[in-house]
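These are my notebook entries on a structure that I looked up. I set down what I asked and what I found.

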Amino acid sequence: MSPETLAYPFLFLAVFFEAFVLVTFLSKPAKIARARRKSAVLPSVAVIVPCYNEASTVAGTAESLLALDYPKDKLEIILVDDGSTDATPAAMAKFEGHSQVRILRKENGGKHTALNAAIQMTNAEIIGCLDADSFVEPDALKEIVPCFEDPKVAAVTAAMSVHKPDNVLRQMQNAEYIFGITLRHALASVNGLYVTPGPFSFYRHSILDKVGAFRFGHQTEDMEMALRLQKKGYKIDNAPYARVYTKAPATVGSLIRQRTRWTTGFIRNVLGEYRGLVGNPDYGALGMLVLPIGITAIASGIMLFSVSVFDLVRHATQAVSMRAGVPLSYSLAPHASFDWFYFPASFYLLLAALTISATLTLIVIGKRLSKTPGNLFLGLVSYVFLYGFIAPLWLLRAAGDAMFRRNRAWR
Amino acid sequence: MSLVARNALIALGITLALMGTVAYAVNYLNKARLADLSAMEDQLSIDTLALDTQFSLLENAPCESAASSTTVIEKLNDLGSRLAYAESQLGAGNPQVIRLKEQYSLLEIRDYLATKRLAAACGTRPVIVLYFYSNQGDCADCDKAGYALSYLRDTYPFVRVYSFDYNLDLSALQTLIALNRVKHELPAFIISGRKSYGFTTLAELEKRFPKGALATTTPQ
């Protein structure tokens with residue numbers, strides 16, 4: 001059996017999942033969600049901005065919130081300084097005295113404690129969270145609010161993309177985030193979301209009171225809260241036109257650290273406290289498809305990467321041993337002609353090409369759906385050629401951390 | 001049926017259809033490859049026959065057909081490369097690949113004989129290499145030897161390499177093996193009439209060639 005054969009089940013699953021997302025995207029509930037109109041009645045909203053050493057971005061974040069198209073008497077912004085050691089307090093100070101802004105300073109205790117402290121301060125019907133490195137479009141909140149007209153909806157997520165993707169790595173992440181827009185929109189229509197991300201997710205205050213405060217959640221409090229809401233039988237919706245831009249890691253190292261935290265949090269939450277949801281038909285798409293496929297995706301990422309590395313090493317070793325004194329200039333010169341006859345159309349390669357094509361299609365759909373600005377070409381190219389090499393690194397690291405119970409710092 | 005179940009079933013159907021399409025496309029391409037090889041062999045068969053006929057017609061001036069002989073070896077080399085690629089894609093045990101290999105080997109033997117006749121008639125001394133290999137797992141150095149010969153063939157245009165699968169069940173090939181008393185010690189070479197076995201490095205293989213044979217100009 002060739003090593004490539006091991007990859008077939010995972011490629012099959014990837015194509016199946018993408019087909020499921022596409023079919024669900026075209027189903028009636030998703031169409032209804034896309035046609036949703038803005039609410040005539042606007043509830044009171046509080047947006048919490050938890051900050052820890054965010055001096056360079058918190059002002060921009062707060063200003064984008066103040067620019068939201070929403071009645072001023074119904075929107076309050078709570079800036080929480082979670083014991084920052086940089087100039088964050090000074091950056092926040094310029095908003096002191098603003099009628100819509102409240103500032104809370106506390107000892108450092110982690111993001112979940114910052115959120116909980118702010119929730120205690122407000123009576124708003126809807127509570128939102130915006131990471132201090134994110135920025136929103138003025139109409140974003142008015143896109144979110146109509147989702148809460150369904151009383152079963154406990155939380156709503158937005159359409160995230162990367163703020164000013166100024167290098168190849170950020171372009172790659174931008175393509176990935178936009179892929180996430182399609183996924184979230186489609187999966188929300190069958191209540192299949194398992195995370196309410198930090199950038200501009202909203203919660204119904206009355207339901208938060210029922211399910212309890214945010215928890216540490218293995219450094220992924222947003223995932224833990226979403227899973228808890230799902231476990232209690234609530235719905236998590238998505239507003240695909242509510243655009244929010246978040247700063248993405250600029251270096252491979254910081255990206256791997258961030259994603260290791262996310263992936264370890266996913267493994268620990270899903271295989272820990274929320275194991276009962278996995279494979280449970282009571283939780284519909286989430287229990288039967290999204291969570292099992294999410295776990296399998298981690299294994300498949302590691303497997304496909306291992307197969308690729310194995311093949312690469314095998315071919316390189318073969319090429320070196322084959323030379324047996326043949327000059328390097330001959331070995332490196334291209335000998336194959338551009339003839340269709342030599343087109344390497346193996347089942348494995350065509351299947352991989354099919355999976356990549358489906359992913360690119362879903363990314364393009366996400367961009368058109370959310371009307372996210374900017375050129376996506378470089379993002380698509382970097383996503384195709386880089387993601388497969390970088391993602392396995394954090395998957396391996398996260399799997400190792402989860403397996404050996406290793407804990408890492410947030411940053 | 002719930003919406004999720006319905007969508008999952010549709011997605012499964014789409015996935016199976018896509019998988020089937022991919023499998024069909026791979027199969028179609030492989031068949032097209034074999035058809036292409038077959039067409040090439042037919043053409044080559046005509047070319048070889050034409051060379052024989054030309055040779056007979058020009059009995060008094062046989063060297064006039066030398067140019068045609070060069071074209072045939074180029075085509076043979078191209079066909080050999082394609083056949084090796086098809087073999088790697090479809091497997092050495094594929095019946096069509098085996099049939100094409102048999103035809104290819106016959107063409108090689110005919111061209112080898114024609115080249116010898118031309119050389120004798122025209123007084124030239126082409127560097128002819130008969131190379132016997134196996135891909136049944138009983139020849140650890142055959143890949144390396146084949147690669148080194150490809151290098152020699154591409155670098156020195158007057159080196160004519162004829163590769164034969166030692167285990168191919170083809171009477172003409174087995175006669176060639178028997179006539180030259182080639183033992184089952186692979187890789188085996190007959191370089192300008194001298195027999196040798198085994199392969200270590202390119203430099204060592206080059207030493208087996210007659211002095212001056214590996215030159216980039218026409219051997220006299």
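**Entry 1: a residue and its contacts**

Which residues does A:Val49 touch, not counting residues up to four places away in sequence? I found A:Val58, A:Thr61, A:Ala62, A:Ile77, A:Ile78, A:Leu79, A:Val80, A:Leu130 and A:Ala132. I note at once that the model is predicted.

I then looked at the core around this residue. A:Val49 is one of the residues with the most contacts inside the largest nonpolar core, together with A:Ile48, A:Ile144 and A:Ala226. This core has 121 residues. Helix H1 (residues 3–25) of chain A gives the largest share of them, 13 residues. I also found another core, which lies apart and has 31 residues. Its members include B:Tyr133, B:Cys142, B:Leu176 and B:Ala188.

**Entry 2: confidence**

The mean pLDDT of chain B is 85, and 91% of the residues score at least 70. Within chain B, confidence is lowest in helix H2 (residues 66–90), with a mean of 76. It is highest in strand E3 (residues 188–191) of chain B, at 96. For the complex, the predictor gives an ipTM of 0.89 and a pTM of 0.83.

**Entry 3: the build of chain B**

I listed the elements of chain B and found six helices and four strands. From the N terminus on, their order is α-α-α-β-α-β-α-β-β-α.

I next looked up the dimensions. The radius of gyration of chain B is 22 Å, whereas a compact globule of 220 residues would have one near 17 Å. Along the principal axes, the C-alpha atoms of chain B fill a box of roughly 85 × 40 × 35 Å. Buried residues make up 31% of the 220 residues in this chain. Of the contacts in chain B with a separation of 6 or more, 69% join residues 24 or more positions apart.

**Entry 4: where the chains meet**

I compared the reach of H4(B) with what is expected at 1.5 Å a residue. H4(B) has 14 residues and spans 20 Å from its first C-alpha to its last, close to the expected 20 Å. Its buried residues include B:Cys142, B:Ala145, B:Tyr147 and B:Leu149; B:Lys144 is buried as well. What covers the buried residues of H4(B) comes from both chains: it includes helix H11 (284–323) and helix H12 (328–332) of chain A, and strand E1 (127–133), strand E2 (159–165) and H6 of chain B.

In chain A I looked at helix H7 (residues 168–188). It has 21 residues and reaches 30 Å, close to the 30 Å expected. H7(A) is mostly covered, with 19 of its 21 residues buried.

**Entry 5: backbone details in loops**

Which residues are joined by a cis peptide bond? They are B:Leu186 and B:Pro187, with omega at about 0°. B:Pro187 lies in the loop between helix H5 (171–180) and E3 of chain B.

I also noted two residues with a positive phi. A:Asn191 has a phi of about 50° although it is not a glycine. A:Asn191 lies in the loop between H7 and strand E7 (201–204) of chain A. B:Ser192, likewise not a glycine, has a positive phi of about 50°. B:Ser192 is in the loop between E3 and strand E4 (194–197) of chain B.

Are these two residues buried or partly exposed? A:Asn191 counts as buried because 21 other C-beta atoms lie within 10 Å, and the cut-off is 20 or more. B:Ser192 has 15 C-beta neighbours inside 10 Å, so it counts as partly exposed.

**Entry 6: a loop residue of chain A**

Where does A:Ser84 lie? I found it in the loop between strand E2 (75–82) and helix H4 (88–93) of chain A. A:Ser84 is buried, because 21 other C-beta atoms lie within 10 Å. Leaving aside neighbours within four places in sequence, A:Ser84 is in contact with A:Cys51, A:Tyr52, A:Asn53 and A:Pro89. A:Ser84 and A:Glu107 are 23 residues apart in sequence, and their C-alpha atoms are 8.5 Å apart in space.

How values were computed:
Residues numbered from 1 in each chain as written. Chains lettered and ligands numbered in written order. Predicted model: local features only at pLDDT ≥ 70, side-chain atom pairs only at ≥ 80, totals over all residues. pLDDT = per-residue confidence, 0-100. Rg over C-alpha atoms; globule rule 2.2 N^0.38 Å. Buried ≥ 20, exposed ≤ 12 C-beta atoms within 10 Å, placed from the backbone. Contact = placed C-beta atoms within 7 Å. Expected span 1.5 Å × (residues − 1). Core = buried A, V, L, I, M, F, W, Y, C linked by C-beta atoms within 7 Å.
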